[in-house]
Amino acid sequence: MSNSSPIRPLAVLVGVQLPGVSDVDHTADLAELGRLVHTLGYEVAATVSQKRDALAAAAVLGEGKLKELADLTGGQGYIPSAAKERKSKARDRWKANDAVDDAFEAETDADEAFGEEETRKPTVVIVDHDITPSQARNLEKATGAEVLDRTGVIVDIFHRHAHSREARLQVEIARLNYVVPRMRESTGSKERQRGRGTGEAALELDRRKVRDRIAELREELAAIQKQQANRRVARKDQLRVALVGYTNAGKSSLMRALTGSNVLVADKLFATLDTTVRALSPATKPRLLVSDTVGFIKKLPHDLVASFRSTLDEALEASLLLYVVDASDPTYEAQLEVTESVLAEIGADVVPRMLLLNKIDRLDEEGRQRVIRRHRGAIALSAHDPKDVEALRQTIIDHFELSMIDEELIVPYAKQSRISEIYEYARVISEDYDESGARLRVRALPAALARLRRVFAA
Ligand SMILES: Nc1nc2c(ncn2[C@@H]2O[C@H](COP(=O)(O)OP(=O)(O)OP(=O)(O)O)[C@@H](O)[C@H]2O)c(=O)[nH]1
Ligand SMILES: [Mg+2]
């Protein structure tokens, strides 16, 4: 990763290569963790990797490797038996009363580490596995650094990138669920301690407060989701297509190109956390809606899958899913598998789909031919090439055109006020007026026609 302008605090990645995980996959996993960590604002200084049958129960790595890791971070290299616990900034961040309403924490760990800059030792250790609170604690003792695991990193990124009220509630719930088992008695009072007591009783009280808070947030979320479900029912018969796929595949780039909207595009993992819906542009008749959705990742924390279900429910309502993959990524097939399995988990695997092999501009001719041969029927394109985007637009239009049928609708004068609904759901081919009302020849999806027939039934 490039060492771009502001000084980033350094991180060490830790990965255990378990039996059955190939070298290629292990390397790819760590590279992806590196990108996640970079998105979070750190620079990866080193990677410590070890082949083992299982994570070491005490501190993930074996004794020798633990020493090696501690040499990098400036820690002792062993787990002192009754050492005074070093306070963890990472865990302080997960404060019980850090309500979702609080001003969004713009500050990053980068700011916190500036003071220690002269030493330039890694200040955080990031483990590419889910670890137990006690493994985290032991690793902190042995390395003197802050310790986060993969889930912690992902939850933290989601926390920083969520913008809509719904996304923020969902992330906050996932974050607090991650925190509760990891909370522990706090000592010392520097940093952001907010009048918390000490001892077991206080800890139990803190935990209870967090659980109450989770319950409150869940209620609030349920209310918002109910409103959204209602809004979605109203959109049910429209022509809808959703962009789905692995994070950073180029979904938002395609969304921008197809709809002329200015949704956020960034070379970051999880740039998009909210679903946006925009009309295809130039406009079609009836209009065709495109949704951009949250990206997937390997080992997505289960809590986040569950909490983002409603965001993905958008995708379920589309009558066409565009599976976007970054064909220039050597591990794109594994990424496609993740996308498929998450979508199957939420029941979206029955929706008709097209595979988009994106970022084809980054491959040479041979690479292009290889991916095209592997995926017959897929569309190879570059979101940056207007010709490719226009061809995709036409393919989408053709897909819907095939599913639409023609029919005649009679609109009695008494119901003229609702005629705009016809234009929303159908294309009007011709219109005639006589004493009973308007006689329209329209073309629309069968479901939309059924709806219009009900609206205009005499
Ligand atoms: N070369 C090339 N780069 C692309 C293409 N499509 C997208 N990118 C780049 O890939 C990066 C990620 O693009 P996004 O559109 O933000 O990806 P996304 O799928 O929305 O990612 P998330 O929102 O994080 O899930 C950006 O830096 C884009 O400029 C493409 O066809 N060719
Ligand atoms: Mg995006």
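Is V60 buried or exposed? V60 is buried, because 30 other C-beta atoms lie within 10 Å of it and 20 or more are enough to count a residue as buried.

## Overall organisation

The structure is a predicted model. The protein has 458 residues, of which 37% are buried. Its secondary structure consists of 16 helices and 13 strands. Among contacts with a separation of 6 or more, 68% join residues 24 or more positions apart.

According to the domain assignment, domain 1 covers 10–162, domain 2 covers 236–402 and domain 3 covers 404–456.

## Contact between domain 1 and domain 2

Between these two domains, 13 residues of domain 1 are in contact with 11 residues of domain 2. On the side of domain 1 that touches domain 2, α1 (23–39) and α6 (150–161) each supply at least two residues. The largest contribution to this side comes from α6, with 7 residues. By class, the residues on this side of domain 1 are 7 nonpolar, 3 polar and 3 charged.

When neighbours within four places in sequence are left aside, the contacts of R256 are S261, N262, V263 and V265. R256 and R120 are 136 residues apart in sequence, and their C-alpha atoms are 40 Å apart in space.

## Helix α2 and its covering

Helix α2 (residues 63–73) has L66, L69, A70 and T73 among its residues, and these four are buried. Seen down the axis of α2, the buried residues fall within an arc of 100 degrees, so they line one face of the helix. An α-helix has 3.6 residues a turn, so residues three or four places apart point the same way.

The elements that cover the buried residues of α2 include the strands β1 (10–17), β2 (43–51) and β3 (124–127), together with helix α5 (133–143). Just after α2 comes G74, with a positive phi of about 85 degrees.

## Helix α12

Helix α12 (residues 332–345) has 14 residues. From its first C-alpha to its last, α12 reaches 20 Å, close to the 20 Å expected at 1.5 Å a residue. In this helix Q335, L336, T339, V342 and L343 are buried. They cover an arc of only 130 degrees around the axis, which places them on the same side of α12.

The face of α12 turned away from the buried side carries S341 and A344, which are exposed. α12 is followed by G347, a residue with a positive phi near 85 degrees.

## Backbone features in the loops

Most residues other than glycine have a negative phi, and most peptide bonds are trans. V60 is not a glycine, yet has a positive phi of about 70 degrees. This residue lies in the loop between β2 and α2. K359, likewise not a glycine, has a positive phi of about 60 degrees. The loop that holds K359 is the one between β9 (353–358) and α13 (365–374). K359 is buried, because 23 other C-beta atoms lie within 10 Å.

Another cis peptide bond joins K285 and P286, with omega about -10 degrees, and the place of P286 is in the loop between β6 and β7.

Conventions:
Residues are numbered from 1 along each chain as its sequence is written. Chains are lettered from A and ligands numbered from 1 in the order in which they are written. This is a predicted model: local features need pLDDT of at least 70, side-chain atom pairs count only at pLDDT 80 or more; totals for chains, interfaces and linings use all residues. The expected span of a helix is 1.5 Å times one less than its number of residues. A residue is buried if 20 or more other C-beta atoms lie within 10 Å of its own, exposed if 12 or fewer, and partly exposed in between; C-beta atoms are placed from the backbone. The arc is that of the directions from the helix axis to the C-beta atoms. Domain bounds come from an automatic or database domain assignment. Two residues are in contact if their C-beta atoms, placed from the backbone, lie within 7 Å. Ala, Val, Leu, Ile, Met, Phe, Trp, Tyr, Cys and Pro count as nonpolar, Asp, Glu, Lys and Arg as charged, and the others, Gly among them, as polar.
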